[in-house]
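Student: I would like to go through a structure feature by feature. Please give the general idea each time, and then the case at hand.

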Amino acid sequence: MPELFVQAAEAILEMQGQRNGRTRTGRKGNTTTREVEVEGFDRETLLVNWLNELLYLQETKQETCTALEILEISDGRLRARLQVQPGRRGRRLIKAVTFHGLQLRPSAKGWEATLVVDV
Amino acid sequence: MAQVMGKSDLKRIEDGVWEIPERFRPEMRVPARLYADESLLEAALSDRSVEQLVNTATLPGIVKYAIAMPDIHQGYGFPIGGVVATQLPDGVISPGGVGYDINCGVRVLASEARVEEVQPFLDELSQVVCRNCPSGVGSEGEIRLSDPELDRLLADGSQWALEAGYARPEDLTHTEQSGAIPGANPGLVSHRARERGRNQIGTLGAGNHFIEIDRVSHLYDEAAAKHLGMFLNQVTVQVHCGSRGLGHQVCQEYVSRFQKTVHDYGIQLPDRELVCAPFSSPEGLEYFSAMACAANFAFANRQVLAHNIRRSFERVLRGKVQKFDLHQIYDVAHNMAKVEEHQVHGATVRVCVHRKGATRAFGPGAQGLSAEFSEIGQPVLIPGSMGTESYILLGTTGSMEKTFGSTCHGAGRVMSRARAKKTVRGEQLRQELRSRGIVIRAGSMSGLAEEAPLAYKDVTRVVDVVEKAGIGRKLARLEPIAVIKG
């Protein structure tokens, strides 16, 4: 489950241009750590809230997230550590992650999620 | 599981009106009604919008019908082009029934100038408008609001703009609800929503938001047009935008919060984006108050944009065109929940009317209309897709009887943004529009391609359906001469 949350976050950051060099970072090596805590009524809400938190941070803090890890996770709460660098304002292509068509399901390979984002 | 629906699931009530009976699904509390001609019905059945319409008929407290306008297309939870009225006090209010862009809406301004007077200056005019009305995702304006001032704006909407010098008194009487939804409580707007919206007053945004300079190409009711100060070949301006990041954040927060609320109230729903609360519950009232704030933000936003468009017209046309000044025809919302009184089964009932991609269209004599419109009905502004015609309609007694005083809102998408970008080249589209004499100022060619006319329904078909059904009547047709978008 934690890996699902990491992979979903990586997918969102990729779509936001933070994983393929499109968003140029500012001063190299100037990496700081940010801890975030997110809550949600259930696992699905937690996932949506987590991803929307990343979008919010990118938009308002104007940071690039270079790495992330989930420190602890339960059905209703997660704590994560982000490595961030000050960056140029990235275009917020994704306005929000929605609950539309949201599916979180176990599979033979582990957990799978389907999400629809509002662009 | 998604339910594939076909024409055989609908009963034809009359030409252009279809019904899905209540017995179609056991969870439905009322029938669903769809206004569409055969071609628009086919388009509606090609995505999940009709299934979504049926889903909305399961909402607690819904009365009469779940209604869909002919520009219906698939949305998040509720279809876009949907109208749902729930009976107060305990009928629900649903953020998904309003949409993420709370009070996305349209304003139309009109000058006394004719198109041939303005045409020679159109390139410069569109450039100056573009400069004075920032656009694009996350765009910021020049206005910087302190916390107390933002509070006043959220509480007072267009009244704030009047006091701050961005509006004329008559702008407010020519705006739905005078540009301020009562019951707005700024204390219920989160820090994050304020942070996202604080610097965005006076900005257009992106996507299908635009400013368009038009000419009046046809009048369908000359007397009513004269009453509104409209004439053939008049230069008019449309502004289409909403509550920007602030409204989006409000919706997002309440859709998330209400995931638990529906469990607390024992409400079962077929779609998570339909989450809701009884209107009179603390949660329901809080959402309504926060929504009202976001709606007031959007009214103020369109007012500041109108002010800057007026400045642009003055800057470019003073000394060259005699009557360049712009007066306001009207401003309408097409994503909103309003508390109104309507006739339900012969009784006057207080309802919460959700209009998501649908527009209020109050008829002559309706309560809540300013005196100027009491005889002709409320103006309704229906933008077409980029480069195509738009319409000004008037509300009718038919809309009051049949659709809770509501009508369509625009052309409605038939193709996703992603597919439109693959199908159309933005630069080629710009050239095509230019060859038709339409000046285009766009933030990106891919953004332009997303809004290509082939991605939308034919707005004239949509408007013909509503007129035939008696839920709106045509006043004027507008045709674009310049388009500004993010």
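Tutor: Begin with B:S178, which is partly exposed, with a relative accessible area of 41%. Buried means under 20% relative accessible area, exposed over 50%, and partly exposed in between, with a 1.4 Å probe and protein chains only. This is a predicted model, in which local features need pLDDT of at least 70 and side-chain atom pairs count only at pLDDT 80 or more, while totals for chains, interfaces and linings use all residues. Residues are numbered from 1 along each chain as its sequence is written, chains are lettered from A and ligands numbered from 1 in the order in which they are written, and side-chain values use heavy atoms, with hydrogens and water left out.

Student: Where does B:S178 lie?

Tutor: B:S178 is in the loop between α7 (169–173) and α8 (191–197) of chain B. Helices (H or I, at least four residues) and strands (E, at least two) are DSSP runs, numbered from the N terminus. The phi of B:S178 is near 55°, a positive value in a residue other than glycine.

Student: What is the phi of A:Q62, and where is A:Q62 found?

Tutor: A:Q62 is not a glycine, yet has a positive phi of about 55°. The loop between α2 and β2 of chain A holds A:Q62, and at 32% relative accessibility this residue counts as partly exposed.

Student: Which residues does a cis peptide bond join?

Tutor: The bond joins B:L88 and B:P89, with omega about 10°. B:P89 lies in the loop between β5 (80–87) and β6 (92–93) of chain B.

Student: Is B:D331 buried or exposed?

Tutor: B:D331 counts as buried, because its relative accessibility is 0%. The residue sits in strand β11 (residues 326–333) of chain B. Contact means heavy atoms within 4.5 Å. Leaving aside neighbours within four places in sequence, B:D331 is in contact with B:V106, B:R107, B:H174, B:T175, B:E176, B:F299, B:R302 and B:L381.

Student: How do α5 and α11 of chain B pack?

Tutor: Axes are lines fitted to C-alpha atoms, for helices over the stretch in contact, and angles run from 0 to 180 degrees between N-to-C directions. Helix α5 (residues 147–156) and helix α11 (residues 282–317) of chain B pack at about 95°, with axes 6 Å apart. Angles under 35 degrees count as roughly parallel, over 145 as roughly antiparallel, 65 to 115 as roughly perpendicular and the rest as oblique. The two helices are therefore roughly perpendicular to each other. The α5(B) side of the contact consists of B:L150, B:L153, B:L154, B:A155 and B:D156, and the α11(B) side of B:A292, B:C293, B:N296, B:F297 and B:A300.

Student: What volume does the largest cavity have, and which residues line it?

Tutor: On a 1 Å grid over the protein atoms alone, a cavity is a set of points where a 1.4 Å probe fits but cannot get out, and lining residues have an atom within 4 Å of a point. Grid points are joined across faces, edges and corners, and a volume is the space filled by probe spheres set on the points. The largest cavity has a volume of about 70 Å³. Its lining consists of A:L13, A:Q18, A:L54, A:L57, A:Q58, A:E63, A:T64, A:C65, A:L82 and A:V84.

Student: And which residues line the second largest cavity?

Tutor: A:V48, A:N49, A:N52, A:V97, A:F99, B:Y100, B:Q252, B:V255 and B:S256 do. The volume of the second largest cavity is about 30 Å³.

Technical notes
1 Å grid on protein atoms, 1.4 Å probe; cavity = no way out; pocket = protein on both sides within 12 Å on 5 of 7 lines; lining within 4 Å.
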